[in-house]
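Let's take a friendly walk through this fold, looking at how its parts pack together. Have the sequence and the model open side by side as you read.

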Amino acid sequence: MKTLIVYAHPEPRSLNRSLKDHAVSTLETAGHEVRVSDLYAMNWKAVVDAADFGPNASNPLNVAHDSGRAFKAGTLAPDILAEQEKVLWADTIIMQFPMWWYTMPAILKGWVERVFTFNFAYGVGEHSDARFGDRFGEGTLVGRKALLSVTIGAPEPHYAPRGIQGPIDDLLFPIQHGILWYPGIEVLPPFVVFGTARMTSEDYPDIAKAWEQRLLTLESTEPIPFRPQNFGDYEMPSLHLKEGLEPAGRTGFGLHVRG
């Protein structure tokens, strides 16, 4: 298995760094190939601009279509091309990050925005009243898996279905469904470490053991059963879930998960 770890934390002594390092050692010991994109160490540019697209940048700038033209022409910025090559190389992508303000750090969101260009990660396939592109289970990145490894300062009950922060599955839905499943990447259930604000060094061995167990079962873990877009669950062209397919009482983001 070939794994790309996209790591986003500025502190070399952080829990996230320890989890990233433990993932590398665990997977390599098990015979897997690993590459790491340490975004802070790379001084990753988090903002999209015309310089990303070279001679294919238009005026006024059209980020989606300019990125697609640059991708096809091979004129994307070298740092973007290098990350796209890593994504295509990988069987599995692990995103290692702390949850800040209910989402990923800006530098990681910037990695997605710059690397997942038009034609590379989206904008492909037939667009008609019968089919709205190859996405949500289809697309250019089909055949890969992804896993979010997330640290959260608050305790787990805050993120329960009735918790004040909101259900953790809902908070991660935009990333897991909207970023990863969209171009066809199967998403494994996340590894979430809660309560890190009050964690001590004595807690780390248990966390590391649980993380190791998840890593060693990546290939056998069933992905989240998100509904594919073009295989009968949705009305066309509205893309509304067909009546009666949802389990009784289920609403919101959960509608888009089978079972």
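Helix H5 is largely enclosed by the rest of the structure, because 10 of its 14 residues are buried. This is a predicted model, so please read what follows with that in mind. The buried residues of H5 are Ile168, Leu171, Leu172, Phe173, Ile175, Gln176, His177, Ile179, Leu180 and Trp181. Their packing partners are strand S3 (92-98), helix H4 (106-115), strand S4 (145-151), S5 and strand S6 (191-193).

**Aromatic pairs**

Across the whole structure, a search turns up 10 aromatic pairs. One of them joins phenylalanine 173 and phenylalanine 253: the ring centres are 4.2 Å apart and the planes meet at 10°, so this pair is stacked. Phenylalanine 173 belongs to helix H5 (residues 168-181), while phenylalanine 253 is in the segment after helix H6 (204-216), so the pair ties together parts that are 80 residues apart in sequence. How accessible are the two partners? Phenylalanine 173 has 10% relative accessibility and counts as buried, whereas phenylalanine 253, with a relative accessible area of 35%, is partly exposed.

Another pair brings together tryptophan 181 and phenylalanine 226, and this one is tilted. Here too distant parts of the chain are linked, with tryptophan 181 in helix H5 and phenylalanine 226 in the segment after H6, 45 residues apart. Tryptophan 181 and phenylalanine 226 are both buried.

| Aromatic pair | Centre to centre | Angle between planes | Arrangement |
|---|---|---|---|
| Phenylalanine 173 and phenylalanine 253 | 4.2 Å | 10° | stacked |
| Tryptophan 181 and phenylalanine 226 | 6.1 Å | 40° | tilted |

Elsewhere, Phe71, Trp111, Phe116 and Phe120 make up one aromatic cluster.

**Charges over rings**

Rings also meet charged groups. Arginine 35 lies over the face of tryptophan 89, 4.3 Å from the ring centre. The charged end of lysine 20 sits over the ring of tyrosine 7, at 5.4 Å from its centre.

**Two valines in strands**

Valine 187 is found in strand S5 (residues 186-187). With 0% relative accessibility, valine 187 counts as buried. Leaving aside neighbours within four places in sequence, valine 187 is in contact with Ala146, Gln176, Leu180, Trp181, Pro223, Ile224 and Phe226. Between valine 187 and leucine 239 there are 52 residues of separation in sequence and 21 Å in space, C-alpha to C-alpha.

Valine 34, in strand S2 (residues 33-38), has 16% relative accessibility and also counts as buried. Not counting residues up to four places away in sequence, valine 34 touches Thr3, Ile5, Val24, Leu27, Glu28 and Trp89. Among these contacts, isoleucine 5 is 29 residues from valine 34 in sequence and 7.4 Å away in space, C-alpha to C-alpha.

**Where H1 meets H6**

How do the axes of H1 and H6 cross? The axes of helix H1 (residues 15-29) and H6 come within 10 Å and cross at roughly 45°. The two helices are therefore oblique to each other, and H1 passes H6 in a right-handed crossing. On the H1 side, the residues that meet H6 are Leu15, Ser18, Leu19, His22, Ala23, Thr26 and Leu27. Their counterparts in H6 are Tyr204, Ile207, Ala208, Trp211, Glu212, Leu215 and Leu216.

How values were computed: Residues numbered from 1 in each chain as written. Predicted model: local features only at pLDDT ≥ 70, side-chain atom pairs only at ≥ 80, totals over all residues. Heavy atoms only, no water. Phe/Tyr/Trp six-rings, centres within 6.5 Å; stacked < 30°, edge-to-face > 60°. Helix = DSSP H or I, 4+ residues; strand = E, 2+ residues; numbered from the N terminus. Buried < 20%, exposed > 50% of the residue type's maximum accessible area, 1.4 Å probe, protein only. Lys NZ or Arg CZ within 6 Å of the ring centre and 35° of its normal. Axes fitted to C-alpha atoms, helices over the stretch in contact; angles between N-to-C directions. Parallel < 35°, antiparallel > 145°, perpendicular 65-115°, else oblique. Left-handed = near helix turned anticlockwise from the far one by under 90°. Contact = heavy atoms within 4.5 Å.
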